[in-house]
Amino acid sequence: MSAPTDLGRPPEIPPLAIAQATALMETGRLHRYSEEGGDGGPVAALERAFAQLTGRRYAVALNSCGSAMFLALKAAGVRPGEKVLLNAFSLGPVPGALQHVGAIPVLVEITEDLVIDFDDLRAKARASGARVLLLSHMRGHLCDLDALEELCRNEGISLIEDCAHTLGASWAGRQAGNFGLAGCFSFQSGKHVNTGEGGILTTDDDDVAAQAILHAGSYRLYRQNGTCPPEEVMAKWADRCGNYSLRMSALVAALALPQLSLLPERVADWNRCHDRIAQRLQAARGFVLPQRPQAEAYAQSSLQFRLPARDAAAMEAFIAVARARGVWVKWFGSTLPEGYSSNPAQWPGAQAAEVPRACAIQATLCDIRLPLELSAQDCDLIADALIQALEATDDKKVHRAAT
Ligand SMILES: *Cc1c(COP(=O)(O)O)cnc(C)c1O
């Protein structure tokens, strides 16, 4: 029996959001700023709510998470030609943000639990002289963020967090996005709040917030932002920051705002499905799942597993059978990525040879998305289909020498 459902189905837009977006369209006020003053409308309201939700002083609403990472790197003072550290398990928009500021990526290894390798981070920071780390909490996996914070402090590294998959996640009671200079969030349809496109930068730093607001393009109407640094800080940066027009539309904010209060419900639902399928796979032969430390409270809208000991042909055979059984599996080791770009060999300016272990891990790493509201039976059908796909392609298994 094949698994029944479209795993790529995004979270639905709640009726209240549709009603508010429709009401806004009737006014025509879709731009966040208004020359005749005003209270900033839904974008300012979203910024205030998001800053409060994530426990930061400032939230700057933007058109994407990619823009948030780009502005965070700019505000951290990254200049063209400068080297920036980047974990090698990430997604195309992250190395893309580095390319946008003209920085050169220095790839850092990951562990089998899919988080950044601290020893390699320390070594690469020292060897390269890079002073900024753009860390992707890729697919929702958090490293020991307390230890990372200390490592960054000791090594003089500024941390920028890519929280595209960790809205609602925390480490030892502290939310992701609170451990560095800035946190970058996405409202793209595949993320925890769905507005099609959208992003937010969060920070406690006056200068970072001021530069992000000004670069996003505020036409000197920044007093209408939901969270804005004091006037003297804005005045310091006003003439130095060009307008890159990366603002969030009021329509996007109207769609996002009512979804914030749904987050706890959504996270519980995703984790319920994730844990049910993960348990089944863990009990089956052949699947290896990342270990999740106690201190990590995840918000897992996708599920990752490795099939160690399989070569590329055996991976391809598994993917084909799983898809035929109705489960859309992604394979991070594919040389031809379909709809995603997580392979460092395909990132501009990156040297995949710097991270042989990350490449070897991703060569047998797979992923499925988890839509909301899967029934327990749906979860079991998905797990069964994966287990059967592995068994059905077992003869293709090629044992490789242990490395
Ligand atoms: C989606 C995603 C981004 C980028 O988000 P956009 O809003 O599309 O720019 C960044 N990092 C990761 C890990 C993502 O999954």
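Domain bounds come from an automatic or database domain assignment. For this protein, the assignment gives domain 1, residues 15-261, and domain 2, residues 262-396. The model is a predicted one.

**The two domains**

Taken over C-alpha atoms, the centres of domain 1 and domain 2 are 27 Å apart. Domain 1 gives 43 residues to the contact between them, and domain 2 gives 42 residues.

**The ligand and its shell**

The ligand has 16 residues around it, and those that come nearest are Gly66, Asp162, His165, Ser186 and Lys191. Sorted by class, this shell holds seven nonpolar, seven polar and two charged residues.

Two elements give two or more residues each to the shell around the ligand: helix α3 (65-75) and helix α4 (93-100). The largest share comes from α3, which supplies three residues.

**Gly102**

Where in the chain is Gly102 placed? Gly102 sits in the loop between α4 and β3, and β3 spans residues 104-108. Is Gly102 buried, exposed or partly exposed? Its relative accessibility is 31%, so Gly102 counts as partly exposed, since that class lies between the 20% and 50% cut-offs. Apart from neighbours within four places in sequence, Gly102 is in contact with Arg79, Pro80, Gly81 and Glu82. Ala360 is 258 residues away from Gly102 along the chain, and the C-alpha atoms of these two residues are separated by 28 Å.

**Asp269**

Asp269 belongs to helix α10, which runs over residues 263-283. Is Asp269 buried or exposed? Asp269 is buried, because its relative accessible area is 15% and buried means under 20%. When neighbours within four places in sequence are left aside, the residues in contact with Asp269 are Leu372 and Glu373.

**Summary**

Of the two residues described one by one, Gly102 is partly exposed in a loop, whereas Asp269 is buried in helix α10.

Notes. Residues are numbered from 1 along each chain as its sequence is written. This is a predicted model: local features need pLDDT of at least 70, side-chain atom pairs count only at pLDDT 80 or more; totals for chains, interfaces and linings use all residues. Side-chain values use heavy atoms; hydrogens and water are left out. Helices (H or I, at least four residues) and strands (E, at least two) are DSSP runs, numbered from the N terminus. Buried means under 20% relative accessible area, exposed over 50%, partly exposed in between (1.4 Å probe, protein chains only). Contact means heavy atoms within 4.5 Å. A residue is near a molecule or strand if one of its heavy atoms lies within 4 Å of it. Ala, Val, Leu, Ile, Met, Phe, Trp, Tyr, Cys and Pro count as nonpolar, Asp, Glu, Lys and Arg as charged, and the others, Gly among them, as polar.
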